[in-house]
Amino acid sequence: MANSFLFPCAVVLLSLSIILPLIFVKIKKPIFRKISLLSIILACVVLITLSAGVFINETANFNIFILGMNFSLLIDNLAAFFIFIISLVGLCVAIYSFSYTEHFDNCIKRNMLISIMSFFILSMIFVVISHNLVSFLFFWELMSISSFLLIMFDYEKEGTKKAGIFYFAMTQLSTLFLIISFVIIYNHTGTLDFSKISELSPILTSLLFILLTIGFCTKAGIIPFHKWLPYAHPASPSSISALMSGLMIKIAIYGLIRFIFLFSFQELWWGILILVLGTISALLGVIYALKEHNLKRLLAYHSIENIGIIFIGIGLYMIFSYYNLPNIALVALFAGLFHTLNHALFKSLLFLTSGSVVNSTHTKNIEEMGGLVKKMPYTAILFLIGAISISALPPFNGFVSELMIFQIFFKSNAISSPIINLILLISMSLFALTSALAAACFVKAFGIVFLAAPRSKEAKEAKEADLSMLIGPAILAILCIILGIFSYQIFSFIGNKAGIIFDLPNLLWISLAGIVILIITVLIVKIISNKNSRVGETWGCGINKQNSRMEYTASGFSEPIVTIFSTIFQTKKVNKKEYYDSDKVIFKEGHAKISLIKFFEEYLYLPELKLINKISEKLYKIQNEIELDPYILYIFLTILILLIIIGVVIK
Amino acid sequence: MIDFFLYAALNIILVIALAPLYISVIKKVKAYYQGRKGPRLFQTYYNLFKLFSKERVYSTNSSFIMRVSPYVNIICSILAILFIPLLFIPNNTLGFENIILFLYILAIGKFFISLSGLDAASTFGGMGSSREMSISSIVEPVVIMIFAAFVFVFKSFNFFDIFRQTSLNLDHISLWLLLIPLVIVLLTEVARIPIDNPETHLELTMIHEAMILEQSGSDLALIEMSSAIKQLLWIGIIINIFIPFGFDLLLSISGLFIGFVSFFIKSILIAIGIGVIESYLTKYRLFRLPNLFAIAFFLALITIMMEVLL
């Protein structure tokens with residue numbers, strides 16, 4: 001009963017926060033922005049209670065008819081879980097936005113940012129609760145368009161346009177695949193309802209699975225469909241990056257899980273496909289991140305990595321449920337979902353704190369930062385918590401989900417097929433490599449951004465972020481710690497309800513033991529050691545005064561790993577020479593260039609682009625470069641061919 | 001509950017008391033091979049004592065990370081001690097059993113020490129932490145594969161379970177293949193030749209030492225202590241898997257004494273072995289290390305596949 005009241009209440013609040021800044025778009029005073037941010041916060045709180053209610057009680061069902069279309073909405077446990085994630089992150093981003101939005105110079109921009117942001121949140125919530133094909137697609141498109149507008153927010157900046165167009169093309173590609181698969185479903189079941197999908201034939205279901213996987217992978221940023229992420233995130237405002245990386249790419253995960261649930265059966269290769277895609281994305285994502293020096297692009301590559309980890313969880317779920325091991329499979333699914341929640345928390349935390357850093361240093365290049373821990377101590381600690389969580393170090397939340405995935409890999413001896421075992425083992429070792437490289441990458445990110453001496457004037461003059469820009473991330477940081485330390489308690493509660501054994505270590509005990517050991521160690525060291533300490537210069541190898549150019553750089557830091565994985569970072573050498581004579585003796589001019597091969601762009605995206613360009617050039621000739629008479633002939637011939645085809649089909 | 005606390009206290013005291021000794025033993029063996037007399041066996045203890053009584057010097061650039069990380073490191077090492085039973089195996093473990101958790105607890109220490117390497121803005125420190133993180137990440141698949149082999153053979157990811165099984169049943173022939181990868185991991189984790197050279201202070205060769213170059217006084221002592229502890233723990237894993245006899249399973253005074261003596265003899269023998277390996281090998285070039293790890297990785301993978309197929 002409460003749900004039917006709470007949900008419209010949240011929708012009204014969110015709509016208010018969309019409309020209010022739009023009406024008063026030219027008002028410079030922040031009062032209306034504050035009201036609408038407050039109503040976003042309220043709506044998020046309402047939604048959190050709503051999802052908690054759904055977990056405990058029953059599902060909620062709505063049917064809305066617009067223009068004769070039935071927008072069937074259903075909040076079940078899966079939807080409630082994603083609503084929970086969305087509203088949790090939305091809440092913190094809204095708090096963060098109180099001062100973050102005021103840093104933009106233009107009051108129209110400030111108002112628009114809040115308005116579109118809450119529209120974006122609202123559309124994501126509606127995607128999650130959609131329960132037929134039309135409403136799913138409709139809200140999916142609303143989500144894509146609003147996120148496109150948000151990426152284009154800094155439209156006057158260089159690079160934003162490219163990012164926006166890239167994103168738009170990719171997101172429409174994703175929608176295209178969804179539309180194709182939805183048309184197939186509608187054609188074969190005759191209904192827009194989700195429930196009939198299970199009646200499709202095996203071949204058709206496999207086809208649908210491929211189409212849907214491509215569609216959702218494009219949105220989720222799985223390699224090789226990932227290229228929009230590293231463009232879109234640096235271009236958009238940090239609060240939006242937090243929403244997109246923390247939430248929007250998770251909606252694709254939601255879609256994938258939702259449709260996998262709807263299929264009545266599974267093939268083995270589906271799970272393997274998802275697992276392989278996940279492993280490749282996780283590994284390549286983190287390796288690309290190591291090479292990256294743009295703070296926000298680095299985080300974007302880590303989103304690719306973490307989406308890969310979530311895919312590994314889902315893939316394991318599919319493989320184990322194919323082998324009829326539902327207990328292990330369900331743990332894998334929970335691991336994937338838990339990592340979805342964790343990634344939403346720590347990635348939003350990292351994006352928000354990096355937004356504070358970018359705001360006060362006015363650069364995204366980490367080579368120009370450094371020493372910020374003394375200027376922005378609270379932001380530094382919050383970023384450190386995020387970094388530890390994403391590096392999967394105990395007792396934080398990232399560790400728990402990765403531990404669960406490792407344990408499921410270890411349980412692969414339950415499957416008695418050597419080839420599957422081998423695939424799982426290789427995937428496991430690559431996964432281990434991924435999580436270790438992530439730790440290396442965040443030592444780099446935290447160390448270069450916050451530690452050592454400032455590397456530029458801006459970094460030297462950086463100031464601590466405003467209060468609201470600390471409170472928002474602080475909530476996320478506290479959640480990261482709580483979800484880690486109390487993971488055993490949380491999962492034994494869930495396990496009791498669902499009848500699964502998670503077999504997690506009790507991190508609460510371990511943290512307590514750590515604290516006890518800390519106290520004893522500090523006491524012993526206090527007693528036996530010399531208490532004097534002094535501050536002195538770092539040894540500069542004989543140079544009198546050490547300066548910031550002597551410290552280690554981000555490129556230097558990642559150099560060994562880049563060298564080890566040099567096959568991935570291949571360079572292209574272009575060497576062009578021109579000569580005055582035909583014997584190539586007298587040199588005229590020439591140029592040489594060494595550049596990093598952007599593998600996916602140059603070998604996957606560009607060839608297709610060239611192909612399309614070629615085809616359209618030919619078509620262009622047909623349309624524009626010929627006389628009218630042949631043109632009429634073409635039309636005539638087309639009609640004739642169409643008629644013949646129709647005739648044959650009808651007969 | 002009570003036997004766990006007894007176990008915890010005994011294990012921690014034993015490891016902390018013995019750990020520095022093995023560093024001296026290795027040095028002594030190396031000195032013997034070089035025809036020198038070498039330092040006294042208690043020299044490492046004197047060194048630690050000396051460091052504790054010295055004042056600490058912090059760089060002007062450094063932050064709280066520099067001051068906190070030695071403590072984080074030592075706590076992680078001490079927590080890790082609880083995972084590796086050396087004298088007897090308690091019945092109740094209070095969650096200190098998961099093999100992945102053991103690895104990642106050690107990883108926290110590494111994470112913070114690497115950060116402290118960057119903290120002082122010195123070139124050496126940054127170089128050290130860069131190399132340390134690179135090596136520890138590429139060795140990670142090997143470690144996981146070794147642990148997966150344990151899980152496949154013993155059907156458990158609980159250290160205590162695994163060690164209980166090895167001490168009851170000694171014939172896991174396929175596991176002997178794991179000895180080579182485990183020794184490689186041991187040498188990597190404790191930063192010894194051929195992976196790292198703890199003796200020199202040349203920028204070409206050092207990894208771990210470069211990272212802690214700016215640490216001083218009691219902080220440095222804590223870091224040295226925790227790497228000594230880590231070394232003993234990895235030795236302990238090798239002992240518990242491959243030569244596990246002498247474990248006290250009934251918890252009696254005489255049993256504990258026998259367990260201590262047998263552990264002491266076995267661990268000293270392994271330390272001598274490390275010294276011999278170091279004397280015969282030279283440090284590998286940094287970028288040749290992946291080959292070494294690849295060998296270890298495949299040996300571990302073959303162990304698992306043998307377990308699956310045979």
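The expected span of a helix is taken as 1.5 Å times one less than its number of residues, with helices (H or I, at least four residues) and strands (E, at least two) being DSSP runs numbered from the N terminus. The model is predicted, so local features need pLDDT of at least 70 and side-chain atom pairs count only at pLDDT 80 or more, whereas totals for chains, interfaces and linings use all residues. Residues are numbered from 1 along each chain as its sequence is written, and chains are lettered from A and ligands numbered from 1 in the order in which they are written.

In chain B, helix α1 (residues 2-33) has 32 residues and should therefore span 46 Å, in agreement with the 46 Å between its end C-alpha atoms. A bend of about 30° occurs in α1(B) at B:Leu18 (the angle between axes fitted to the seven residues ending there and the seven starting there). The proline B:Pro20 follows within four residues. After α1(B) comes B:Gly35, with a positive phi near 80°.

In chain A, the axes of α4 (residues 107-129) and α5 (residues 133-151) come within 8 Å and cross at roughly 155° (lines fitted to C-alpha atoms over the stretch in contact, with angles from 0 to 180 degrees between N-to-C directions). α4(A) is therefore roughly antiparallel to α5(A) (an angle over 145 degrees). Residues of α4(A), including A:Phe119 and A:Phe120, meet residues of α5(A), among them A:Phe139 and A:Trp140 (contact: C-beta atoms, placed from the backbone, within 7 Å).

The contact between the chains takes 66 residues from chain B and 65 residues from chain A. On the chain B side, α5(B) gives the most, with 18 residues.

Methods. Parallel < 35°, antiparallel > 145°, perpendicular 65-115°, else oblique. Contact = placed C-beta atoms within 7 Å.
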